[in-house]
Amino acid sequence: MLSYKVRSRFSFFLFIILSLSFLIFIVLSSLEESFVYFFSPTEIYNKENLTFNTKIRVGGLVKENSIIKKKESIDFIITDLNKEIIVTYSGHIPNLFSEGKGVVAEGKLQDKKFFIADKILAKHDENYMPREVRDALKNTSK
Amino acid sequence: MLKNLFPNKILSFSNKLFSFLISLMLLFVFVGLIFALFLSPSDFTQGNSVRIMYVHVPASFMALGCFAFMGIASICALIFKIKILPLMAKSLAPVGSVFALVSIVTGSLWGKPTWGTWWVWDARLTSMLILFIFYIAYMSAWKFIDNYEKANRVSSIIAIIGSFNLPVIKYSVDWWNTLHQTSSITLTSTPTIHYTMLIPLIIMFIGTILYTLIVFLMRYKIEIMKFKLDKRNKEN
């Protein structure tokens, strides 16, 4: 079945595919930063070349009991259960924004611990659960 | 059974079998939609927005699946020179591209009430848009290049290069921080989606696969007929 022609075509394409894969892998790993949509608090903490005047995004969970609603703005803490960062934001708050849920804040870093956001997005996790089931689980765990 | 896909057999594909496929598909889609829109529960976080998932997830899956098939068919066509494979890939492209578009549009409709925005340039969304562009490029190659062999070669290369985007799309949510959530259904762990929502999703999946198969077969028949007609015209 595998004539010389077929075998040589096969080897040629295999070579092309392997080199393309390798090239793409190199490109993707070096362009890491432009592909991530946000940094976690730990990544910000460990980052070496922090820029304080460019737009950057921080994402994680809203820490429980950390939301402080002020007159013009709202303060809360983003945590990745390892490191935290305090965020202040004034503007429209998305519906799904709440404590214990994911959030992505876009804005400027003031220092490693403080972030001024001009836009926040609620991040939905991969869990899908009906309300009744969730309430039932909550009641049994009480 | 596979012999039925060869040019001589496909044209005599039984109409009864075809109607049966259509009825089956309609049944699955109808039942799936009843569950999706009415009988399944709303989610405790996103409320009724979750219902978009029943269309968005199967569409995204098919968009990827169709292109994967096109990529494999193109490479086999180039290596083994099997004549029907480019025609099969060509027949699959229109359905796949529509599913890619549906995925993007339904995703945006879902994103606005949940995330708070219609679009972000994160890895998952951007790579899906690139997939759609590759679909358009693939179909354009077939449409605008007159010579069959040349069109075949160019479109095959587009399909093969585009196939490298497929693992990027699939694993984008794992490799990078993205706004789009990670997979709820994986091969290795238990689903993070409750069974009352998972079952309607599976029903919609099956309905979508049947739909793709039907549209593919309709298109494939036409492509075979066109191919035979062109061959006959050239001989005259």
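Mentor: A:Glu126 touches B:Gln181, B:Thr182, B:Ser183, B:Ser184 and B:Thr192, where residues up to four places away in sequence are not counted. Please keep in mind that this is a predicted model.

Trainee: What makes these residues count as touching A:Glu126?
Mentor: Two residues are in contact if their C-beta atoms, placed from the backbone, lie within 7 Å, and B:Gln181 and B:Thr192 are among the residues that A:Glu126 touches in this sense. As for its place in chain A, A:Glu126 lies in the loop between E6 and helix H4 (131-141).

Trainee: Why is A:Glu126 called partly exposed?
Mentor: A residue is buried if 20 or more other C-beta atoms lie within 10 Å of its own, exposed if 12 or fewer, and partly exposed in between. A:Glu126 has 15 C-beta neighbours inside 10 Å, and therefore it counts as partly exposed.

Trainee: How do you know whether A:Leu81 is buried or exposed?
Mentor: The count for A:Leu81 is 11 C-beta neighbours inside 10 Å, so this residue counts as exposed. A:Leu81 lies in the loop between strand E3 (74-79) and E4 of chain A, and its phi is near 65 degrees, which is a positive value in a residue other than glycine.

Trainee: What makes B:Lys81 exposed?
Mentor: With 12 other C-beta atoms within 10 Å, B:Lys81 is exposed, because the class takes in counts of 12 or fewer. B:Lys81 is found in the loop between H3 and H4 of chain B, and although it is not a glycine, it has a positive phi of about 55 degrees.

Trainee: How many residues does each chain bring to the contact between chains A and B?
Mentor: Chain B gives 33 residues and chain A gives 31 residues. On the side of chain B that touches chain A, helix H3 (53-80), helix H4 (84-114) and helix H8 (195-235) each supply at least two residues, and H3(B) gives the most, with four residues. The residues on that side of chain B divide into 16 nonpolar, 15 polar and two charged.

Trainee: Why are H1(A) and H3(B) called oblique to each other?
Mentor: Helix H1 (residues 4-30) of chain A and H3(B) pack at an angle of about 140 degrees, with their axes 8 Å apart. Angles over 145 degrees count as roughly antiparallel and those of 65 to 115 as roughly perpendicular, and H1(A) and H3(B) are therefore oblique to each other. Their contact is made by A:Val6, A:Arg9, A:Phe10 and A:Phe13 of H1(A) together with B:Ile75, B:Leu78, B:Ile79 and B:Phe80 of H3(B), and these residues divide into seven nonpolar, no polar and one charged.

Trainee: What makes H3(B) oblique to H8(B)?
Mentor: H3(B) and H8(B) pack at an angle of about 40 degrees, and their axes are 9 Å apart. That makes H3(B) oblique to H8(B), because an angle has to be under 35 degrees to count as roughly parallel. The crossing of H3(B) and H8(B) is right-handed, and the residues of their contact divide into eleven nonpolar, two polar and no charged.

Trainee: Why are H5(B) and H7(B) called roughly antiparallel?
Mentor: Helix H5 (residues 123-144) and helix H7 (residues 165-175) of chain B pack at an angle of about 160 degrees, with their axes 8 Å apart. The cut-off for roughly antiparallel is over 145 degrees, and H5(B) and H7(B) are therefore roughly antiparallel to each other. Their crossing is left-handed, and their contact includes B:Leu131 and B:Phe134 of H5(B) and B:Val168 and B:Ile169 of H7(B).

Trainee: How do you know that E5(A) and E6(A) pair?
Mentor: Two strands pair if at least two bridges are found between them, and nine bridges join strand E5 (residues 102-111) of chain A to E6(A), the two running antiparallel. A:Val104 stands opposite A:Leu121 in E6(A), and E5(A) and E6(A) form a hairpin with two residues between them.

Trainee: In which sense do E4(A) and E6(A) pair?
Mentor: Strand E4 (residues 84-89) and strand E6 (residues 114-123) of chain A pair in the parallel sense over four bridges, and A:Ile86 stands opposite A:Phe114 in E6(A).

Terms used. Residues are numbered from 1 along each chain as its sequence is written. Chains are lettered from A and ligands numbered from 1 in the order in which they are written. This is a predicted model: local features need pLDDT of at least 70, side-chain atom pairs count only at pLDDT 80 or more; totals for chains, interfaces and linings use all residues. Ala, Val, Leu, Ile, Met, Phe, Trp, Tyr, Cys and Pro count as nonpolar, Asp, Glu, Lys and Arg as charged, and the others, Gly among them, as polar. Axes are lines fitted to C-alpha atoms, for helices over the stretch in contact, and angles run from 0 to 180 degrees between N-to-C directions. A crossing is left-handed if the near helix is turned anticlockwise from the far one by less than a right angle, and right-handed if clockwise.
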